[in-house]
Amino acid sequence: MGEAVANVARRINTTMEDGLDTLDLSDCKLISFPDGVLKMIRSSADQIHKISLANNKLKILGGKFFTMFTQLRELDLQGNTMTKLPDAVGEMQNLTSIDLSNNNFSEFPEQLTNIHTLKNINMSGNQISEVPWERLCAMSSLNIVDLRSNSLTAPPQTTQNFTVLT
């Protein structure tokens, strides 16, 4: 456990000391996003444009995470055990890419349809059966929605201006 904590601290220090715009906390055995990390990185949060929390054991990310990283453009949450997202994710107005593949979502997180800057949504490898196609089709920036390896009950029923992978 101590080694995992030290690894997280090292990665945060590297990001902050080197002025990087990427925070990589993938494969750190995290079960939640530590409040201590939010406190440590508060002064640099606006400079962070990409965060990877891939391949951890996250069940949920709190709203604080999404309200702190307002300039985030890419978020990688693949390979966790998440089932839902907080409403605050819908306020991420700079986010262009989110990877929620290989989690435990049974419903498509409709909060994502409030992010008009999103270009890529990866929801592959979940248990999603229904998708809010009309709301997705209203997203003018959207390029790709990856829904492979889900249990979709119906294909898109409206004309979309983005690629759907199923």
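This is a predicted model: local features need pLDDT of at least 70, side-chain atom pairs count only at pLDDT 80 or more; totals for chains, interfaces and linings use all residues.

Trainee: What is the volume of the largest pocket?

Mentor: The lining of the largest pocket comprises 14 residues, and those nearest its centre are Ala4, Val5, Val8, Leu30 and Pro34. By class, 12 of the lining residues are nonpolar, 1 is polar and 1 is charged. The volume of this pocket is about 220 Å³.

Trainee: Which element gives the most to the lining of the largest pocket?

Mentor: Two helices, α1 (2-17) and α2 (35-41), each supply at least two residues of the lining. The largest contribution amounts to 5 residues, and the element that provides it is α1.

Trainee: Is Ser52 buried or exposed?

Mentor: Ser52 belongs to strand β2, which spans residues 50-52. The relative accessible area of Ser52 is 12%. Buried means under 20%, so Ser52 with its 12% is classed as buried.

Trainee: Which backbone nitrogen does the side chain of Ser52 reach?

Mentor: Beyond four places in sequence, Ser52 touches Leu23, Asp24, Leu25, Ser26 and Asp76. Its side chain also approaches a backbone nitrogen at 3.5 Å, and that nitrogen belongs to Ala54.

Trainee: What is the relative accessible area of Met82?

Mentor: Met82 is placed in the loop between β3 (74-76) and β4 (97-99). Setting aside neighbours within four places in sequence, its contacts are Leu58, Lys59, Ile60, Leu61, Leu77, Asn103, Asn104 and Phe105. Met82 is buried, and its relative accessible area is 0%.

Trainee: How many Å apart in space are Met82 and Leu58, C-alpha to C-alpha?

Mentor: Leu58 is among the residues in contact with Met82. The two are 24 residues apart in sequence, while their C-alpha to C-alpha separation in space is 6.1 Å.

Trainee: How many residues has the largest nonpolar core?

Mentor: Within the largest nonpolar core, Leu53, Phe65, Phe69 and Leu112 have the most contacts, and the core has 49 residues. The elements giving two or more residues to this core are α1, α2, α3 (63-68) and α4 (133-137).

Trainee: With which residues is Leu112 in contact, leaving aside its neighbours within four places in sequence?

Mentor: Leu112 is one of the residues with the most contacts inside the largest nonpolar core. Leaving aside those sequence neighbours, the partners of Leu112 are Leu85, Val89, Ile98, Leu100, Leu118, Ile121 and Met139.

Notes:
Residues are numbered from 1 along each chain as its sequence is written. Side-chain values use heavy atoms; hydrogens and water are left out. On a 1 Å grid over the protein atoms alone, a cavity is a set of points where a 1.4 Å probe fits but cannot get out, and a pocket is an open set with protein on both sides within 12 Å along at least five of seven lines; lining residues have an atom within 4 Å of a point. Grid points are joined across faces, edges and corners, and a volume is the space filled by probe spheres set on the points. Helices (H or I, at least four residues) and strands (E, at least two) are DSSP runs, numbered from the N terminus. Ala, Val, Leu, Ile, Met, Phe, Trp, Tyr, Cys and Pro count as nonpolar, Asp, Glu, Lys and Arg as charged, and the others, Gly among them, as polar. Buried means under 20% relative accessible area, exposed over 50%, partly exposed in between (1.4 Å probe, protein chains only). A polar contact is a pair of N or O atoms within 3.5 Å; within protein, one must be able to donate a hydrogen and the other to accept it, and residues adjacent in sequence count only if both atoms are side-chain atoms. Contact means heavy atoms within 4.5 Å. A nonpolar core is a set of buried Ala, Val, Leu, Ile, Met, Phe, Trp, Tyr and Cys residues joined through side-chain atoms within 4.5 Å.
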